[in-house]
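Please consult the sequence and the 3D structure while reading.

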Amino acid sequence: MCRFFAQISTVPRSASAGLVGDCNALVEQARRHSDGWGIGVIRGDTTLIRKSSQAAFADPDFGQVSRNLRSGALIAHIRKATVGDVRERNAHPFSCGRWLFAHNGSIFGFEQLRDRVDAHTAHDLCGKIQGTTDSEAIFHYLLTALREVRQPCHGRGPVDPVIASDAIRRAIGRLFQWSEAVGLEP
């Protein structure tokens, strides 16, 4: 299973301790989760991401980015691959517009659900999927659910947390129904 670190602050601040400084920092956990890393930050209405397929503890870029980064909102992720090969494009987090997404774990039996997930993902969002992970496919499926209730994925405009969480809850509920329909344990 993967590991991640998230930080939200009203002012930009360093995440260096949690990423590289503390005894249980993400860089140390990467010794057991060595299939790539990614750090994503939210800057205004856009996201910036740095990823690698190397282990964070062995990649000097991870340390450099971690020590120099100041952000109000970030997600850092180290990967232990379960679905999808070890490639930079399969490292988390994933982004689209103002949204960042990282997932810890696997959606077991996803190959039996992929056609349904793809069918319920907006065509233009399917075209943005670059990797082969279950997580990236689910991210774009959830973005479609947000779009369906007019929650902005790009540009300015407030996101209503109640409407957004209800849309995501319904989308995940469909995943559970599909899992049961094909005989998977939800």
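## Terms and model

Angles under 35 degrees count as roughly parallel, over 145 as roughly antiparallel, 65 to 115 as roughly perpendicular, and the rest as oblique. The model discussed here is predicted. Two packed helices are described by the angle between their axes and the distance between the axes.

## Helix 4 and helix 7

Helix 4 spans residues 110-119 and helix 7 spans residues 161-181; their axes come within 10 Å and cross at roughly 135 degrees. Helix 4 and helix 7 are therefore oblique to each other. Their crossing is right-handed.

On the side of helix 4, the contact is made by L113, R116 and V117, which meet L175, W178, S179 and A181 of helix 7. By class, the residues of this contact comprise 5 nonpolar, 1 polar and 1 charged.

## Helix 6 and helix 7

Helix 7 also packs with helix 6, and the axes of these two helices come within 9 Å and cross at roughly 130 degrees. Helix 6 and helix 7 are therefore oblique to each other, and helix 6 passes helix 7 in a right-handed crossing.

Helix 6 contributes I138, Y141, L142, A145 and L146 to the contact. In helix 7, the residues that they meet are A164, A167, I168, A171, I172, R174, L175 and W178. This contact has 12 nonpolar residues, no polar ones and 1 charged residue.

## The largest pocket

How much space lies in the largest pocket? The volume is about 270 Å³. The pocket is lined by 14 residues, of which S106, I107, I172, L175 and F176 are the closest to its centre. Helix 6, residues 134-148, and helix 7 are the elements that each give two or more residues to the lining.

Helix 7 supplies the largest share of this lining, with 4 residues. Sorted by class, the lining of the largest pocket contains 10 nonpolar, 3 polar and 1 charged residues.

## The largest cavity

The structure holds 1 cavity of 30 Å³ or more. The largest cavity has a volume of about 60 Å³.

Which residues line the largest cavity? The lining consists of C2, R79, K80, T82, V83, H92, G105, T133, D134 and S135. In this lining, 2 residues are nonpolar, 5 are polar and 3 are charged.

Note on methods: Residues are numbered from 1 along each chain as its sequence is written. This is a predicted model: local features need pLDDT of at least 70, side-chain atom pairs count only at pLDDT 80 or more; totals for chains, interfaces and linings use all residues. Side-chain values use heavy atoms; hydrogens and water are left out. Axes are lines fitted to C-alpha atoms, for helices over the stretch in contact, and angles run from 0 to 180 degrees between N-to-C directions. A crossing is left-handed if the near helix is turned anticlockwise from the far one by less than a right angle, and right-handed if clockwise. Contact means heavy atoms within 4.5 Å. Ala, Val, Leu, Ile, Met, Phe, Trp, Tyr, Cys and Pro count as nonpolar, Asp, Glu, Lys and Arg as charged, and the others, Gly among them, as polar. On a 1 Å grid over the protein atoms alone, a cavity is a set of points where a 1.4 Å probe fits but cannot get out, and a pocket is an open set with protein on both sides within 12 Å along at least five of seven lines; lining residues have an atom within 4 Å of a point. Grid points are joined across faces, edges and corners, and a volume is the space filled by probe spheres set on the points.
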